[in-house]
Each structure stands twice: as C-alpha cells, then as structure tokens.
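Q: Please take a close look at one part of this model: the side of one chain that touches its partner. Then set that part in its wider surroundings.

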Amino acid sequence: MSDTTEATLAEICIVALAEAFRGDGEVLCNPMGPVPVIAGRLARATFEPDLMLTDTIAYAIEGNLPLGGDPSDAVVESYMPFRTIFDQVWSGKRHVVMGAPQIDRYGNQNFAAIGDDYRKPKAQLLGMRGAPGNLINHATTYWIPTQVRSFVESVDVVSGPGNDTIASLPEATGRFHEIRRVVTDLGAYDFETSDGTMRVRSLHPGVTLEQAQEASAFELTVTGEVPESRLPTDEERHLIREVFDPNGVRNGEFR
Amino acid sequence: MADKRMTEDEVVAELESGMTIGIGGWGSRRKPMSLVRAILRSDLTDLHIVSYGGPDVGILTAAGKCRKVTYGFVSLDSIPLEPHFRAVRQGGLLPDFMELDEGAFYLGLMAAAHRVPFYPTRAGLGSAMLSENPELRTVTSPYGDGEELVAIPAFDMDAVLLHMNRADEKGNGQFLGPDLYFDDLFAMAGTKTYMSAEKIIATEDFLREGPVHTLKIPRTHVDGVVEAPMGAHFTECPPDYGRDEAFQREYAATAKDPEAWAQFRADWLELESHEAYRAKLEERGQA
C-alpha cells in the first residue's frame with residue numbers, strides 16, 4: 001500500500017458506483033466511461049467476484065485490466081460483439097451505467113438532445129443510443145459528474161424512462177425496469193421510496209443536505225438520517241490508484 | 001460463376017436519387033468510405049440513409065444529400081458526438097429523421113433481412129422513441145399474456161453499402177476484426193448490396209486469412225464487389241489498420257467553419273477517385 005493519502009472525490013464516486021453492483025451476482029456489468037469502468041472492475045476485484053466485464057471492445061475478459069490497458073494481455077472468457085450485447089440486454093442479465101445530461105425527480109433521463117424542439121434541438125447529444133432498451137429490460141445506474149447541471153425539473157426528451165413514466169404503462173411492460181442508483185459529485189441517490197422519487201442515499205464527505213438540495217432543480221426525498229458515502233478501503237484505494245487507473249484518468253471527468 | 005467486380009463509380013451509377021440506402025459498419029468503424037465519397041461527388045440527392053451512423057452520415061448530411069436518416073446514434077467513437085451531424089440537426093437542416101434505440105435498430109435490419117414486416121421488442125415503451133416517431137406502432141401479443149410491444153418496422157433498403165476486410169470476386173465477404181457489427185443483416189436486407197473490401201482474394205485463400213466463423217457475408221446477397229484498399233479510411237478497419245485519429249480530428253474540426261469544410265471536401269472527400277485519395281494519403285505518409 002504505497003499511497004495512503006486521503007481519498008479523492010473521484011475515488012469516493014468510484015466506490016459509490018461500485019456499491020451499485022453489490023448483490024448483482026452473475027450479470028454482465030456494462031459501465032460506460034472511465035469512472036464507471038473503474039467502479040465495475042473494482043466491484044469484481046473485491047465484493048462482487050461473479051460479475052462479467054468487457055474490454056469495452058468485443059470480449060468479456062477476466063482479471064484486473066487497467067484503463068486503456070492492452071486487452072490482448074487479458075484472459076478472454078467470452079465473446080461480446082454488439083449483437084450479443086443487445087441479446088444480453090433483452091435477456092436481462094445486465095446492469096448498465098450510463099450518463100445523464102438531464103435527469104428528473106423520477107429518474108427520467110435524457111442524453112438524446114437538449115432544447116424545446118426535438119426536431120431542431122439546441123444541442124444534439126448522443127441520440128437514443130441504448131437507453132430505451134436498457135431501461136425497460138434490466139438494471140440501470142447513472143453516473144453524473146456535475147449534479148447541478150443535470151438535476152432538472154423536467155427533461156427535454158425522455159431517452160431512459162423514469163419511475164412515473166413506467167408506472168403509467170401496463171404492469172407487464174415495466175416489470176424489468178429498475179433504476180438502481182444515481183451517483184454524482186455530491187452524493188449517491190436511489191429510488192427506494194414508495195412514490196418512485198429520488199432519495200438521498202448518502203452524501204460525500206463534506207457535502208451538506210442543503211448543498212445537495214441547492215444543486216437540484218427538484219426536491220430531493222430524504223428518509224431519516226442521511227449517512228456519509230463510505231471511503232475506499234485500503235485495498236480499494238490500492239486497486240484504484242495502482243492497478244486500474246495508474247494514470248489518473250478518473251480525475252478528468254470533473255469539469 | 002459471375003465476376004461481380006465493379007468500381008466505386010459503377011456502384012454509384014446503379015443508385016438513384018430518392019433511394020433508401022443502408023450503410024454497414026458502426027460509428028467510425030469499418031465504414032465503406034470510398035463508396036460514401038463516390039456518392040458525395042455524384043449528383044445523387046434526396047437520399048434516405050439507414051446507418052449505425054459515423055462519418056458516413058456526417059458527410060452526406062452536411063453535404064445536403066439526405067432527406068432522411070434512420071439511426072440509433074451518430075458518433076465518431078473517439079469523438080463521441082459527430083460534429084457535422086450535430087450542426088445539421090441543430091440547424092434544422094435535415095428534413096426528416098428517425099432516431100431509434102440502437103438495439104431496436106438491429107431488429108429493423110433483421111425484419112428486413114427476414115422479409116417480415118416487423119420484429120417486436122419492449123425497447124421504446126415509455127421513451128421519446130415512441131412519442132417522437134408517430135409512425136412507429138405497437139402490437140399486442142396474440143398469446144395469453146396480451147403484452148403490448150413495439151413493432152420495429154423492417155428497414156427495406158434499395159441498396160446497401162458495406163466494407164469487408166476480404167472478399168472474393170463472386171461476392172463472398174470476410175471480416176477479420178473483432179466485430180461484424182450487423183453487416184450480414186444489412187447485406188440480406190438490401191434489394192441490391194454492394195461490398196467493398198480491402199483485398200479481393202481467391203476463394204480458396206479465405207481460410208488462410210481467418211477461421212470459418214469470419215465468413216459471414218454469403219455471395220447470394222451481394223451484387224457487386226469493389227476492391228478498395230484503405231477503403232474504410234479514416235474509420236478503423238482492424239486488423240488491416242486502425243482509425244486515423246489525426247485525420248478524423250481534422251475532419252471534425254471543419255464542422256465549425258464552412259470555408260474549412262469546403263476546403264476539406266475539395267482536398268480529400270471530392271477527389272475524383274479512390275486511387276487519387278490513396279495517392280494523396282501516401283503523400284501524407286499515412287498509407
């Protein structure tokens with residue numbers, strides 16, 4: 001354990017995201033972007049050993065591949081080209097982590113386009129990508145590096161449907177829908193509420209409830225005492241710093 | 001056995017304005033760029049492009065060649081948002097588009113390949129994919145569960161363009177990279193399918209290049225074969241070559257400036273032939 005300096009914000013977020021996979025067992029853990037990828041690999045290396053993870057290209061790989069590491073060094077355990085990924089989505093054995101430039105109180109997410117007019121948006125973003133299919137088929141977690149920009153009153157376009165949207169559909173339609181967690185620069189949120197609203201699950205060290213609320217355009221649900229997000233263990237800190245991300249790519253996600 | 005070899009310009013001569021044209025590959029990966037550039041320099045217009053979009057969609061929409069694009073995303077991969085396509089969308093310059101879940105897109109290809117009117121999926125229920133595409137319909141399961149599902153319509157395409165690592169002159173195609181994407185379905189879905197390849201080889205050499213599982217494009221679905229070394233450039237075409245990131249950055253940067261875009265088109269995209277393009281790449285020291 002060479003580096004025992006205090007955990008950084010990125011590392012706390014990584015641990016909070018890794019926690020989203022706790023209990024998942026044998027599913028394809030499919031995180032998008034550096035911080036979520038580190039989190040998925042960390043969860044498998046520690047408390048969730050049965051997760052399957054890809055090299056982010058076309059192979060499911062074993063072992064602790066560093067970010068940007070050469071996948072040809074890794075042991076391939078299965079083949080995951082895009083077609084198989086979609087089959088995997090529909091089969092349900094998957095937990096995805098996506099971004100959310102906009103998310104509302106019920107977890108409706110938008111990363112398609114910003115602006116009032118979808119036909120002529122102010123900003124064209126990713127498009128629908130996999131959000132509609134992911135949300136309706138298996139567990140989804142969102143990673144939001146700047147909460148204040150993303151927590152909006154209402155999203156301009158629904159790419160990933162939230163809990164109120166799903167509740168308005170026939171029960172059979174939404175039976176596989178689960179927004180597991182939302183992790184931001186300020187805290188971790190879940191939807192373990194009776195009305196499907198977003199609840200403060202934990203706040204990162206030094207963040208107050210007032211600050212978290214101020215960085216949200218909707219009212220955050222609070223049930224009881226809000227705990228502090230847990231710090232990485234010595235082992236987790238070592239894995240993040242020395243194994244998965246020796247070049248500190250994780251710090252580049254906060255702007 | 002028919003020799004299906006053609007040139008890029010001969011392929012484009014088979015196409016007509018107003019057609020629906022499918023383009024294989026994925027994002028900035030193994031795109032039939034020499035064929036896309038041949039369309040760009042033709043007088044074809046009013047096209048409906050169906051694609052897991054990358055620079056193919058960026059180039060053809062920015063050049064005003066399209067009336068509609070059907071896509072799940074348009075991305076350059078290492079540059080997540082395709083800047084030319086963004087400018088077109090944000091300027092309201094694309095008359096029509098259908099933005100689908102990228103998995104649902106696979107079902108539209110498969111429906112067309114299998115000649116059925118649709119494939120059902122849960123993807124899209126509760127999202128803007130349905131509300132913003134009123135032409136999309138749902139179906140009710142005829143079985144006891146009675147579940148309502150989205151019917152992704154078959155992407156019927158007048159022509160399909162693909163790029164493979166290897167082909168024979170009869171139209172069999174071989175991919176040697178990590179992912180076929182959906183090119184076999186594209187090939188089957190096209191009324192006519194034209195396939196470029198890095199290299200045309202003798203049929204008996206296929207299994208020297210890769211295992212039998214890489215022979216995914218059968219000649220029954222291919223009408224023309226174009227030999228185009230570096231034909232996917234600047235998109236990646238592993239193992240033959242990776243993405244030309246410097247070139248892609250240059251392409252992307254021109255989205256900000258109409259003059260730079262016009263210059264880039266003249267300098268690279270509208271060269272009179274793929275041979276001229278390759279010669280120029282060689283001068284640049286990249287081929």
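A: Start with the contact between the two chains. In this predicted model, 37 residues of chain A are in contact with 35 residues of chain B. Four elements of chain A each give two or more residues to the side that touches chain B: helix H3 (82-91), strand E9 (123-124), helix H4 (131-137) and helix H6 (163-167). The largest share comes from H4(A), with five residues. Now take the side of chain A by class. It has 23 nonpolar residues, nine polar and five charged.

Next, the nonpolar core. The largest one has 140 residues. Those with the most contacts inside this core include Ile14(A), Leu17(A) and Leu42(A) from chain A, and Ile49(B), Leu109(B), Ala189(B) and Met195(B) from chain B. Helix H1 of chain A, residues 9-20, gives the most to this core: nine residues. On the chain B side, the core draws at least three residues from each of domain 1 and domain 2.

Zoom in on Ile14(A). Beyond its neighbours within four places in sequence, Ile14(A) is in contact with Val35(A), Ile38(A), Ala39(A), Leu42(A), Ile240(A) and Arg250(A).

Finally, the domains of chain B. The assignment gives domain 1 as 5-103 + 155-280 and domain 2 as 117-153. Their C-alpha centres lie 30 Å apart. The contact between them takes four residues from domain 1 and four residues from domain 2. On the side of domain 1 that touches domain 2, two residues are nonpolar, one is polar and one is charged.

Notes: Residues numbered from 1 in each chain as written. Chains lettered and ligands numbered in written order. Predicted model: local features only at pLDDT ≥ 70, side-chain atom pairs only at ≥ 80, totals over all residues. Core = buried A, V, L, I, M, F, W, Y, C linked by C-beta atoms within 7 Å. Buried ≥ 20, exposed ≤ 12 C-beta atoms within 10 Å, placed from the backbone. Domains from an automatic or database assignment. Contact = placed C-beta atoms within 7 Å. Nonpolar A, V, L, I, M, F, W, Y, C, P; charged D, E, K, R; others polar.
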